[in-house]
Amino acid sequence: MAAHRKPRQRSAGGNKARTAATIALAGAATATGFDGTGHAEPRLTPAQVKAKVDKLYQEAEVATEKYNGAKEKAEAARTRLNSLQDEAARRTQKLNSARDALGSMAAAQYRDGGLDPALRLALADDPDRYLDGAEFAERAGNRQASSVARVREQLREIEQLRGASHIELTSLKSRQAELKQHKKTINGKLDAVRRLMSQLTAEERALLGSGGDTSRASRSSTAARDGLAAPGAVTSQAPNSRAVAAVSYAYSKLGSPYVWGATGPNAFDCSGLTQAAYRSAGISLPRTTYAQIDAGRRVSRSELRPGDLVFFYSGISHVGIYIGNGQMIHAPRPSAPVRVAPLSEMPFAGATRVA
């Protein structure tokens with residue numbers, strides 16, 4: 001008979017030791033990689049942060065202009081929807097009045113009993129008077145038929161209005177969904193900017209906020225204020241009084257904060273500033289950069305005069321107001337207020353003269 005061997009007992013302490021070693025090795029592999037070197041993301045230099053921030057701001061501005069366009073279309077759809085609903089309500093009120101009138105006619109006929117005209121003539125105390133009444137009744141019948149036709153037409157018109165209202169409501173809902181998506185994109189870009197900026201010291205953030213030159217913002221403001229003190233130095237070259245008014249408005253808003261989607265009077269995004277400036281001059285501009293560039297006559301860079309709108313980037317995602325000497329006033333981005341800047345600050349895409 002074969003002897004039964006007793007299985008060897010494993011040490012609980014040994015299992016714990018091996019588990020701990022496995023976890024430690026896994027942690028080491030995660031921290032160092034197989035080549036033994038660390039994979040922690042290196043700290044970006046201020047120049048690298050600036051490049052990433054500039055790209056994120058530009059992408060956010062593209063999304064902002066799309067948001068502005070969707071908002072403009074949503075507002076137009078809401079206006080049309082309200083107008084259609086108001087008209088449908090008016091037509092329904094008229095329809096109800098017409099139905100009430102038909103109901104009165106029907107009740108009168110019922111009360112008359114619908115007797116045969118020949119019998120009613122035979123029974124009438126005054127045949128001449130009855131004949132006059134019969135003629136009136138015939139005319140009334142014709143009017144009744146006409147009233148019925150009008151009611152039917154009103155019903156058709158109201159159904160058409162309801163159909164148009166449904167289309168506008170669908171359009172409005174689509175624009176609202178589009179707005180929500182663009183808003184999410186913008187906030188995502190700006191959150192990424194904040195995370196990048198948090199890696200910098202306060203001094204580095206100040207330097208980055210002024211475009212790499214801590215004295216630049218103050219110089220721009222000083223130049224602008226000097227222009228306000230002597231506006232003729234800038235506006236004398238403007239093509240007309242409306243361009244002068246737009247430039248003067250832009251000067252008066254120097255230092256105002258950038259807020260995406262804002263059109264003033266206390267905060268602006270880039271196209272919101274240009275729209276507000278020309279609104280003050282009595283000219284209505286579209287809301288977005290890519291629509292504003294087609295709102296006037298295109299001019300070359302060499303033809304620029306104060307008041308012209310200047311556009312940047314291949315997607316026409318930024319705009320400013322030219323003030324002469326190669327400079328513009330614009331609303332740059334959330335980290336920078338409305339200010340004077342050189343056209344060379346961004347890739348030039350074109351210009352238009354709207355006044």
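Select helix H9 (residues 270-280), which lies across strand E2 (309-312), E3 and E4 and runs at about 50° to E3. Helices (H or I, at least four residues) and strands (E, at least two) are DSSP runs, numbered from the N terminus. Axes are lines fitted to C-alpha atoms, for helices over the stretch in contact, and angles run from 0 to 180 degrees between N-to-C directions; contact means heavy atoms within 4.5 Å. The model is predicted: local features need pLDDT of at least 70, side-chain atom pairs count only at pLDDT 80 or more, and totals for chains, interfaces and linings use all residues. Residues are numbered from 1 along each chain as its sequence is written, and side-chain values use heavy atoms, with hydrogens and water left out.

Next, select helix H8 (residues 241-252). Helix H8 lies across strand E3 (318-324) and E4, at about 105° to E3.

Now display the sheet itself. Its six strands form an open sheet in the order E1-E6-E2-E3-E4-E5, with antiparallel pairing; two strands pair if DSSP finds at least two bridges between them. Strand E1 (297-299) and strand E5 (339-342) stand at the edges with a single partner strand each, so one side of each has no neighbour in the sheet. From one strand to the next, the twist averages 40°. Gln327 stands opposite Pro342 in E5.

Move on to Asp54 and Arg333. These residues form a salt bridge, with the closest N and O atoms 2.9 Å apart; the term denotes a side-chain nitrogen of Lys or Arg within 4 Å of a carboxyl oxygen of Asp or Glu. Asp54 lies in helix H2 (residues 46-112) and Arg333 in the loop between E4 and E5, so the pair ties together parts that are 279 residues apart in sequence. Arg333 is buried, at 15% relative accessible area, whereas Asp54 is partly exposed, at 26% (buried is under 20%, exposed over 50%, partly exposed in between, with a 1.4 Å probe and protein chains only).

Then select Glu153 and Arg156 in helix H4 (residues 127-197), three residues apart. Their salt bridge has its closest N and O atoms 2.6 Å apart.

Finally, colour the chain by pLDDT, the predictor's confidence in each residue, from 0 to 100. The chain averages 77, and 67% of the residues score at least 70. Where pLDDT is low, the predicted coordinates should not be read in detail.
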